[in-house]
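Here are my notes on the model, as numbered points. Have the structure open while you go through them.

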Amino acid sequence: MKMGKGIPLNDQDRIPWLCNLHDILLREVASGQHVVLACSALKKMYRDILIRGKDGVPRKCGEPGKDEKLAEVKLFVVHLSGSFEVISGRLLKRKGHFMPPELLQSQFDTLEPPSAPEIFIQINVNKTLSEITATIMKALK
């Protein structure tokens with residue numbers, strides 16, 4: 001709702017959502033599923049929450065846990081990179097999306113591209129969808 005009103009999200013807005021995603025990933029992986037999650041985990045901290053949960057708390061984010069082994073998800077990040085101009089142009093063509101183009105600068109300001117030791121690949125958005133897909137599939141093998 002905030003983004004729809006042109007208000008950028010902050011950490012307090014994002015962390016509960018990321019914790020929920022972490023719990024979903026844990027559940028699906030535990031059931032033997034291979035999972036693809038598409039989200040804008042713009043900061044390293046957000047990607048860490050997807051892996052370990054909030055503050056490294058196991059299982060359910062926010063629940064106290066002392067002697068439990070951390071419940072981690074193996075995360076492979078696909079970082080789609082592009083210039084502000086290219087992405088802005090694509091956003092302007094979207095119809096009915098919750099994020100107005102005016103918030104794009106806040107996304108770029110927040111962005112912390114993945115770096116070692118994170119497991120990731122970076123792909124330029126100027127590639128075609130089939131090239132992007134092929135690159136991802138090759139990296140996953």
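**Notes on the model**

1. Searching the whole structure turns up 0 disulfides, where a disulfide is a pair of cysteine sulfur atoms within 2.5 Å. As for individual cysteines, Cys-19 is buried at 5% relative accessible area, while Cys-39 is partly exposed at 30%. Buried here means under 20% relative accessible area, exposed over 50%, and partly exposed in between (1.4 Å probe, protein chains only).

2. Bear in mind that this is a predicted model: local features need pLDDT of at least 70, side-chain atom pairs count only at pLDDT 80 or more, and totals for chains, interfaces and linings use all residues. Residues are numbered from 1 along each chain as its sequence is written, and side-chain values use heavy atoms, with hydrogens and water left out.

3. On the fold: the chain has 5 helices and 2 strands, in the order α-α-β-α-α-β-α along the sequence. These are DSSP runs numbered from the N terminus (helices: H or I, at least four residues; strands: E, at least two).

4. Of the 141 residues in the chain, 31% count as buried. The chain exposes about 9700 Å², and carbon and sulfur atoms supply 57% of that (Shrake-Rupley method, 1.4 Å probe; for residues, only the protein chains shown count as cover).

5. Take a look at Leu-37, in the loop between helix H1 (11-30) and helix H2 (44-52). Leu-37 counts as partly exposed because its relative accessibility is 34%.

6. Among contacts with a separation of 6 or more, 65% join residues 24 or more positions apart; contact means heavy atoms within 4.5 Å.
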